Amino acid sequence: MGRVVAVREGMARAGVDALVLRPSPDYRFLGGRGGAYLVVTADVVAETGDPAALVPEGARRVGVDPEMRVRELFGLAIEADFVPASSVLAPLRLRKEPYEIAAIGRAVAAAEAVLRQARELAWFGATERAMARRLRVLMAESGCEEVLAVRVAAGEHTAVPAHVPGERVINPGDALTVSVCGRWDGYCAEVARVFAVAEPPEDFEAMYSVVPAAHAAGLSALRPAVPVTEVARAVAEVVDGSGYGRFAAAHVGRGIGLGHDEGPRPGEDTVLAAGMTFCLEPAIYVPDLFGARVADVVACTAAGPVVLGSSPHTLHVLER
């Protein structure tokens, strides 16, 4: 009930007369359980198939779900100015309740378990795409209710940000970047780790050692009352000092929770506070050669940063 009160106060400040949400992170944030739409007004919080019937007559500004499709917008039959509901809800979703952080921690544990199982798979001679399919199966078996992203990049493909797994065959001597991102019991987690097949490529270990060091620097900056831009600055200092600065990833992370990509973001002026959860993901990409990325979900607490997982950043050498 306190969450709804805060939402209504935010609506009043923004001059929004109603919110109309489809199944999405915002919808789940307000307790949506399966209806076509969730409508919030000054008097009503209800799931419905006909949102127009619940929006007050004469409403001038209606906040709609950012994930709503164009045909859904046209089908609402509501005469009002549409604005993003995130203008009201995004600030409220920044800080998680203790039960939410615990749920995110369970999602992280499930994602880490998938990567532990992945180390036992047969990688030699398989393609990136085939291994990505196997990871998706492992995620489903772990109870993942929605697979959001699976990345397998081998060799020179590790130097490509957001590489899509393809038909490249994985061979001894390849570096591998492997990540899984999914939703377990409503909450999202992402974990990324770096492997080597049989043995690391020449000069790879020196480059890779910078990434965990940058991660540690970003982690130490992730504290209450610190601007989130300081996390990016701390990561950049380590990478720049190593000589790999021009190969650093463009961003070092983003918020995570009910959605896999939410606030706080390093490019914004958000000040960190206890209860925020952040996917810290520094990376280096050396074109046509190799790259590396590690990702962990971190909770910002009054006592400092807490990594919601236990998997080390050790470069694991796959034996098969």
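Helix H6 is followed by Gly143, whose phi is positive, near 100°. Helices (H or I, at least four residues) and strands (E, at least two) are DSSP runs, numbered from the N terminus. This is a predicted model, in which local features need pLDDT of at least 70 and side-chain atom pairs count only at pLDDT 80 or more, while totals for chains, interfaces and linings use all residues. Residues are numbered from 1 along each chain as its sequence is written, and side-chain values use heavy atoms, leaving out hydrogens and water.

**Exercise 1.** Work out what span helix H6 should have, and compare it with the distance between its end C-alpha atoms.

*Solution.* 
- Step 1: the expected span is 1.5 Å times one less than the number of residues.
- Step 2: H6 has 14 residues (128–141), so it should span 20 Å.
- Step 3: its end C-alpha atoms are 20 Å apart, which agrees.

**Exercise 2.** Find the buried residues of H6 (buried means under 20% relative accessible area, with a 1.4 Å probe and protein chains only).

*Solution.* 
- Step 1: they are Glu128, Ala130, Met131, Ala132, Leu135, Leu138 and Met139.
- Step 2: what covers them includes helix H5 (98–118), strand E6 (146–154) and strand E7 (175–184).

**Exercise 3.** Describe how helix H7 (204–221) and helix H8 (229–242) pack.

*Solution.* 
- Step 1: their axes, lines fitted to C-alpha atoms over the stretch in contact (heavy atoms within 4.5 Å), are 8 Å apart at an angle of about 150°.
- Step 2: that makes H7 roughly antiparallel to H8, a label for angles over 145 degrees.
- Step 3: residues of H7 including Val210 and Ala214 meet residues of H8 including Val231 and Val235.

Notes:
Buried means under 20% relative accessible area, exposed over 50%, partly exposed in between (1.4 Å probe, protein chains only). Axes are lines fitted to C-alpha atoms, for helices over the stretch in contact, and angles run from 0 to 180 degrees between N-to-C directions. Angles under 35 degrees count as roughly parallel, over 145 as roughly antiparallel, 65 to 115 as roughly perpendicular and the rest as oblique.
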